[in-house]
Amino acid sequence: MSQVDKIILNLNSAVEDARRKSLKVVAIEGGRSIRKNFDEGGRPKWIPRKKISKKQKGTNILVISGRMKNVSETVESDRVVFKSNPLSRAYAAIQHFGGTISMPARKILMRKTKSGRRVFAKANHKRTTEHQGKAYTVKIPARPWLTIPQMDFPRIFNAIKSAIKL
């Protein structure tokens with residue numbers, strides 16, 4: 001093997017090592033950045049909720065169960081993949097991109113309490129009455145959460161530089 005071939009082999013090895021370290025740093029720092037989106041209520045700030053239930057009171061936007069906040073990072077051969085919790089995937093896309101959900105009209109079971117108030121009832125409850133619910137739509141604003149904001153790029157770049165010792 002000639003001297004030139006050895007240099008090329010060493011350079012290719014150094015480039016591959018730097019690429020591998022860089023991908024690991026991007027995975028770690030990118031995951032931190034995504035979790036920080038939740039902690040700060042979006043970067044830029046997400047549109048606040050209009051209606052807040054008892055369960056949601058005192059929580060950050062999109063952090064009622066915390067399922068979407070738990071993002072896993074995987075380094076593949078030439079890229080970093082961020083995946084949300086499988087249980088959150090059903091609603092994660094509409095939270096990220098926004099959209100409208102159309103709910104069709106449906107039958108609702110009601111019952112009367114001792115005080116005469118009407119409340120929702122289960123199908124197996126005695127003395128239920130059936131009511132026709134109205135169709136409605138729910139508009140969900142875009143709250144991009146699976147992003148790395150540009151303000152984090154310098155921090156990630158500095159972490160890459162220190163990992164590959166530039």
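**Close-up views of a predicted model**

**View 1. Lys69 lies in the loop between α1 and β1.** Helices (H or I, at least four residues) and strands (E, at least two) are DSSP runs, numbered from the N terminus. The structure is a predicted model in which local features need pLDDT of at least 70 and side-chain atom pairs count only at pLDDT 80 or more, whereas totals for chains, interfaces and linings use all residues. Residues are numbered from 1 along each chain as its sequence is written, and side-chain values use heavy atoms, with hydrogens and water left out. Lys69 has a relative accessibility of 23% and therefore counts as partly exposed; buried means under 20% relative accessible area, exposed over 50%, and partly exposed in between (1.4 Å probe, protein chains only). From Lys69 to Ser84 the sequence separation is 15 residues, while their C-alpha atoms are 7.5 Å apart in space.

**View 2. A cis peptide bond joins Arg43 to Pro44.** The omega angle of this bond is near 5°. Pro44 belongs to the loop between α1 and β1, the latter being residues 72–75.

**View 3. A salt bridge joins Arg20 and Asp17.** Side chains of opposite charge can pair when their charged atoms come close. Here a salt bridge is a side-chain nitrogen of Lys or Arg within 4 Å of a carboxyl oxygen of Asp or Glu. Between Arg20 and Asp17 the distance from N to O is 3.2 Å. Because they stand three residues apart in helix α1 (residues 3–39), about one helical turn separates Arg20 and Asp17. Both partners are partly exposed: Arg20 has a relative accessible area of 39%, and Asp17 has 28%. A network of salt bridges links Glu16, Asp17, Arg19, Arg20 and Lys21. In the whole structure, 12 salt bridges are found.

**View 4. Glu29 and Arg155 form a salt bridge between distant parts of the chain.** The side chains of Glu29 and Arg155 meet at 2.2 Å, N to O. With a relative accessible area of 10%, Glu29 is buried, whereas Arg155, at 32%, is partly exposed.

**View 5. Glu76 and Arg79 meet in a salt bridge.** Their N to O distance is 2.9 Å. Glu76 has a relative accessibility of 33% and so counts as partly exposed. Arg79, at 47%, is also partly exposed.

**View 6. Seven residues make up the largest nonpolar core.** The members are Ile34, Phe38, Trp46, Met68, Val71, Ala92 and Trp145. Apart from this core lies another, of five residues, including Val25, Ala159, Ile160 and Ala163. A nonpolar core is a set of buried Ala, Val, Leu, Ile, Met, Phe, Trp, Tyr and Cys residues joined through side-chain atoms within 4.5 Å. Ala159 is part of helix α3, and its relative accessibility of 19% is why Ala159 counts as buried.

**View 7. Ile101, Tyr136 and Val138 form a nonpolar patch on the surface.** Together these residues have about 220 Å² of accessible area, a value from the Shrake-Rupley method with a 1.4 Å probe, in which only the protein chains shown count as cover for residues. Patches are made of residues with over 30% relative accessible area and no salt bridge; like charges are joined within 9 Å and nonpolar side chains (Val, Leu, Ile, Met, Phe, Trp, Tyr) within 5 Å. Ile101 is placed in strand β3 (residues 99–103) and, at 32% relative accessibility, counts as partly exposed. The C-alpha atoms of Ile101 and Ala159 are 41 Å apart in space, and the two residues are 58 residues apart in sequence.

**View 8. Ten named positions surround the second largest pocket: Met110, Arg111, Lys112, Thr113, Lys114, Arg118, His125, Lys126, Arg127 and Thr129 line it.** The second largest pocket has a volume of about 180 Å³. Strand β4 (residues 107–112) gives the most to this lining, with three residues. On a 1 Å grid over the protein atoms alone, a pocket is an open set of points where a 1.4 Å probe fits, with protein on both sides within 12 Å along at least five of seven lines; lining residues have an atom within 4 Å of a point. Grid points are joined across faces, edges and corners, and a volume is the space filled by probe spheres set on the points.
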